[in-house]
Amino acid sequence: MVDIVLASNNKKKIAELQCLIDEKLGGKAKVLSLRDIGFEGDIDEYGKSFEANSLIKASAAAKLGYIGIADDSGLSVNALGGAPGIYSARYAGEHGDDEANNRKLLSELEGKS
C-alpha cells in the first residue's frame, strides 16, 4: 500500500479523496493528513497563484518523504480584476470569516455591471 498525503487537515477533503482513490485503485493507497505524518503548524502560502500555493503545500509533505498532493482555491471575479483570488479566505481581513468576506465582496460589486 502506498501512502499519499493530502496537504490538509480537512477531514472531509481527506475522506472524499480516500473514496476516489478506493474507487479507482481498489484500496491500494491510503490518504493521510498533514497531522497524520506529524506535520504541525501552518504552511506559509506565499505563492502568487492557486497553482503556486498548491505546489508549496504539496512540497511540505514531499520534504518529509511522502507523496504529497494539494489544492488551493478561491473566488476570482472578472468585474473585480480577478479579486479576491488567492486572498479569498482573508479578503475582509481575518482568515476564514466567510460572512465578512461575502459582505466585502458584495460591497465591492455594487455599481459594477
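A polar atom in the side chain of Asn101 sits 3.2 Å from the backbone nitrogen of Tyr91. Keep in mind that this is a predicted model.

**Around Asn101**
- Asn101 belongs to helix H3, which covers residues 98-109.
- Its relative accessibility is 6%, so Asn101 counts as buried, the cut-off being under 20%.
- Once you set aside neighbours within four places in sequence, Asn101 is in contact with Ser88, Ala89, Arg90, Tyr91 and Ala92.

**Strands S1 and S2**
- Strand S1 (residues 2-6) and strand S2 (residues 29-32) run parallel, and four bridges join them.
- Across that pairing, Val2 of the model faces Ala29 in S2.

**Nonpolar cores**
- The largest nonpolar core has ten residues: Val5, Ala7, Leu32, Leu34, Ile37, Phe39, Ile43, Ile56, Ala60 and Ala61.
- Back in the largest core, Ile37 is one of the members; leaving out neighbours within four places in sequence, Ile37 is in contact with Val5, Leu32, Ala61, Leu64 and Tyr66.

Conventions: Residues are numbered from 1 along each chain as its sequence is written. This is a predicted model: local features need pLDDT of at least 70, side-chain atom pairs count only at pLDDT 80 or more; totals for chains, interfaces and linings use all residues. Side-chain values use heavy atoms; hydrogens and water are left out. Two strands pair if DSSP finds at least two bridges between them. Helices (H or I, at least four residues) and strands (E, at least two) are DSSP runs, numbered from the N terminus. A nonpolar core is a set of buried Ala, Val, Leu, Ile, Met, Phe, Trp, Tyr and Cys residues joined through side-chain atoms within 4.5 Å. Buried means under 20% relative accessible area, exposed over 50%, partly exposed in between (1.4 Å probe, protein chains only). Contact means heavy atoms within 4.5 Å. A polar contact is a pair of N or O atoms within 3.5 Å; within protein, one must be able to donate a hydrogen and the other to accept it, and residues adjacent in sequence count only if both atoms are side-chain atoms.
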